[in-house]
Amino acid sequence: MDPILQASYLLLWTGLLKGLQLALWPRLRPALGSYAYPAAYPASLLLFALATWYCGLLWIPVALALLVFVALGAWGLRRGDYRIRELRGLLTWDAVFLLGFLFALSVRFVNPPINYFSEQYMNHAFLAAIMRNPVVPPLDPWFAGGHLTVYYYLGHWMMGCLGIVTGVPSEVVFNLIPATVYGISFVMLYAIGSLLLRRWRWLPLAVLLLIPPSVPWFLATGWNLYGAFQETNWIVPGARFEFPLFSLFLGNAHAFEMAAFNQFLLIFLLGFAWLRWGGLDARGRRGLALLIAVSIGSMPPLSSWDALVYGPAVAVFLLALWARERDHDARTAVIAVPVVAFLAYLPYYLLLEPAGVGGIGWGFPPTDPLIFIAIWGGFLAVVYAAVARDIRKSPVYLAVALPFFAAGYAALGIVAVPLAYLLRRDRSFPDLLCIAGLLVLAFCDLFYLREMLQGDYSRFNTIFKFYFDAWVLLGTGSLLLAGRWLAARRPVLPEGARKGALVVAAVALLAAPFALNVDIGWGLLGIGYPSGYDTLDGLAYLDASRPGEAAAIDYLRSLEGDHRLVEAENGDYGYYSRVSTFTGIPTILGQIGHELTWRGDGAWYIERPADIRAIYENPEEALELMEKYNATLLYVGEPERERYDVRLPDRGLALIYDEGGVRIYERLSGLT
């Protein structure tokens, strides 16, 4: 893809994000005051998601959602809300956004391919399907005739609609997603630091940059950087652990990764309410409660696992706020926030058809304490240091760990000690974040959510998703505790030197991805694509590695209309399901393991793979089976020839593409 075209896409994308933020900013002032400007970054994105989602539900163009922001901006201009002098004073927030955005962008720029390792195929398939046909509920690209009512998809919807409005193609959008999440998350973490710390306000940003202690250990034992990340990824037997920096390098654009910015928004809003509620007037309190409702209400369609953590946390927080304030507005918020949060996406719940979680399980072998420390040792060290004085004063509470150690749950004993001391003292907001994070870790060691994965992998997703949330909560809380301790100390460097050090650190951060140049494809599965392929185009490597397929994919993406296609099916995490993944055109069956997780084991599990084989190998049944699934296109490339003994009917199919070893047929209507 031409570099100038990529640059124009980048400008269009960032310009839209900035336009959305500026349009909403003045309307947040009554609730958030000087923090309205940074909070408008994530809040405007959530409002955009909500507005475009309802456009999709009504089957009207999603671009019409921009009228909401045009109206807000026009109203702000008429009221004189945009003053150049004031905007100049707010440029620090924009600089923080750009720092996070450009750092994540550079990580993806040096390693952009969308390939079949991990969940990249799934996430691009969702994105491409939504951008091709932006309706609610979105079509399932891997299950012709099905919809994404089996999975949370609002993050893909939101980013896909940004792509639709700006004209940025999905293969570039895919690599702009991490940059957007990091940019907005940096802004909110800096806002959290500014709210709660006198100095060291930037320190919470490190929650997105830190690595667990296991990574330097693996590096010291001979692994390269990506190998150390991967070894940490699978360090918990039967489970998976992703920390934010690894997620960024992996480049999955997974739902829970996209939703991270909303976690930081909610943490900021709760912290702001904890500190400033009493100083707000009735209008400001209502606005703040509404923002909390929009944030928590967006979590189930963004990443339902986040809602399972933050839903109870917000309920307890609001009750604690009411108990402390004893005012009418706090009491109203206890009721209004969950009601508004639920009603905001009520049609989403009415359309939802998940295989579901089959309750809560327990009795899984406890986590090895050394593995636990290898993941959480850094944050736990900070929390233990924060309660060290309390331990010296009342060492008797150390005994809370003894029953857990005696029962073999050493990791729980490690968690129980700081938890006991944090619960005893006059809790600050950083304490509350640490308590929430520690409780999530304790839950994961005792329980797991029952779902399709069984046996040794029963708690796979519980660890995978909840540990990410625990990293956000415990990491942010412990960094705030560290920042509070550092802020109380006399600065070592003069102010000018401190500013210079921050500039050097920012430059080093932006340069690090180019210096490290981690090759994820070779590092993970030995997948070959051109080295040094620096671009934002996630499919550019196909032009060099599989030019025939790349040309056929471009042709299919140019087709208009409501198509469904037939392509080879051969399990998960391989070079199959690639046509539906890259084009967004639904196929009869894509990655079967994913669909099994979402839909449960039904007749389709046997029927659809058999029907696909019959379409390719039995000319007498091919047309009838294609009609069964309303399939209009039949794709025959190298994987199809390897998988099946391809024998197609001599009538009823029109050859519409034949280049580079790929043939595409269109089913003629009325012939079966």
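Reader: How many cavities of 30 Å³ or more does the structure hold?
Author: Keep in mind that this is a predicted model. Rolling a probe the size of a water molecule over the atoms shows where empty space is left. Here the count of cavities of 30 Å³ or more comes to three.

Reader: Which element gives the most residues to the lining of the largest cavity?
Author: The largest cavity has a volume of about 150 Å³. Its lining has 13 residues, and the closest to its centre are Val-181, Tyr-182, Ser-247, Leu-248 and Glu-257. Two or more residues come from each of α8 (170-196), α11 (244-250) and α12 (255-258). With four residues, the top contributor is α8.

Reader: What about the second largest cavity: how many charged residues are in its lining?
Author: This cavity holds about 40 Å³ of space. Pro-137, Thr-149, Tyr-153, Tyr-348, Leu-351 and Leu-352 line it. Asp, Glu, Lys and Arg are the types that count as charged. The lining divides into five nonpolar and one polar, and the number of charged residues is none.

Reader: Turning to pockets, which element gives the most to the lining of the second largest pocket?
Author: About 1,100 Å³ of space lies in the second largest pocket. Of its 29 lining residues, Trp-200, Arg-201, Trp-202, Arg-498 and Leu-502 are the closest to the centre. The elements that give two or more residues are α5 (91-109), α8 and α24 (495-516). Nine residues come from the one that gives the most, α24.

Reader: And how many charged residues does that pocket lining have?
Author: Arg-201 and Arg-498 are among the residues closest to the pocket's centre, and Arg counts as charged. Alongside 20 nonpolar residues and one polar residue, the charged residues of the lining number eight.

Reader: Is Leu-64 buried, partly exposed or exposed?
Author: Leu-64 sits in the loop between α2 (36-57) and α3 (66-79). With Leu-58, Ile-60 and Leu-67, Leu-64 forms a nonpolar surface patch of about 370 Å² of accessible area together. Buried means under 20% and exposed over 50%. Leu-64 has a relative accessibility of 39%, so Leu-64 is partly exposed.

Reader: Now the charged pairs: are Arg-578 and Glu-549 buried or exposed?
Author: Side chains of opposite charge can pair when their charged atoms come close. Arg-578 and Glu-549 form a salt bridge, with their closest N and O atoms 2.9 Å apart. The pair links helix α28 (residues 578-583) to helix α27 (residues 547-558), across 29 residues. Arg-578 has a relative accessible area of 0% and Glu-549 is at 8%, so both partners count as buried.

Reader: Which helices does the salt bridge of Lys-628 and Glu-607 tie together?
Author: The closest N and O atoms of Lys-628 and Glu-607 are 3.2 Å apart. Lys-628 is partly exposed at 42%, and Glu-607 is partly exposed at 36%. The partners are 21 residues apart in sequence, so the pair ties together parts in helices α31 (residues 619-628) and α30 (residues 604-617).

Technical notes. Residues are numbered from 1 along each chain as its sequence is written. This is a predicted model: local features need pLDDT of at least 70, side-chain atom pairs count only at pLDDT 80 or more; totals for chains, interfaces and linings use all residues. Side-chain values use heavy atoms; hydrogens and water are left out. On a 1 Å grid over the protein atoms alone, a cavity is a set of points where a 1.4 Å probe fits but cannot get out, and a pocket is an open set with protein on both sides within 12 Å along at least five of seven lines; lining residues have an atom within 4 Å of a point. Grid points are joined across faces, edges and corners, and a volume is the space filled by probe spheres set on the points. Patches are made of residues with over 30% relative accessible area and no salt bridge: like charges are joined within 9 Å, nonpolar side chains (Val, Leu, Ile, Met, Phe, Trp, Tyr) within 5 Å. Accessible areas come from the Shrake-Rupley method with a 1.4 Å probe; for residues, only the protein chains shown count as cover. A salt bridge is a side-chain nitrogen of Lys or Arg within 4 Å of a carboxyl oxygen of Asp or Glu. Buried means under 20% relative accessible area, exposed over 50%, partly exposed in between (1.4 Å probe, protein chains only).
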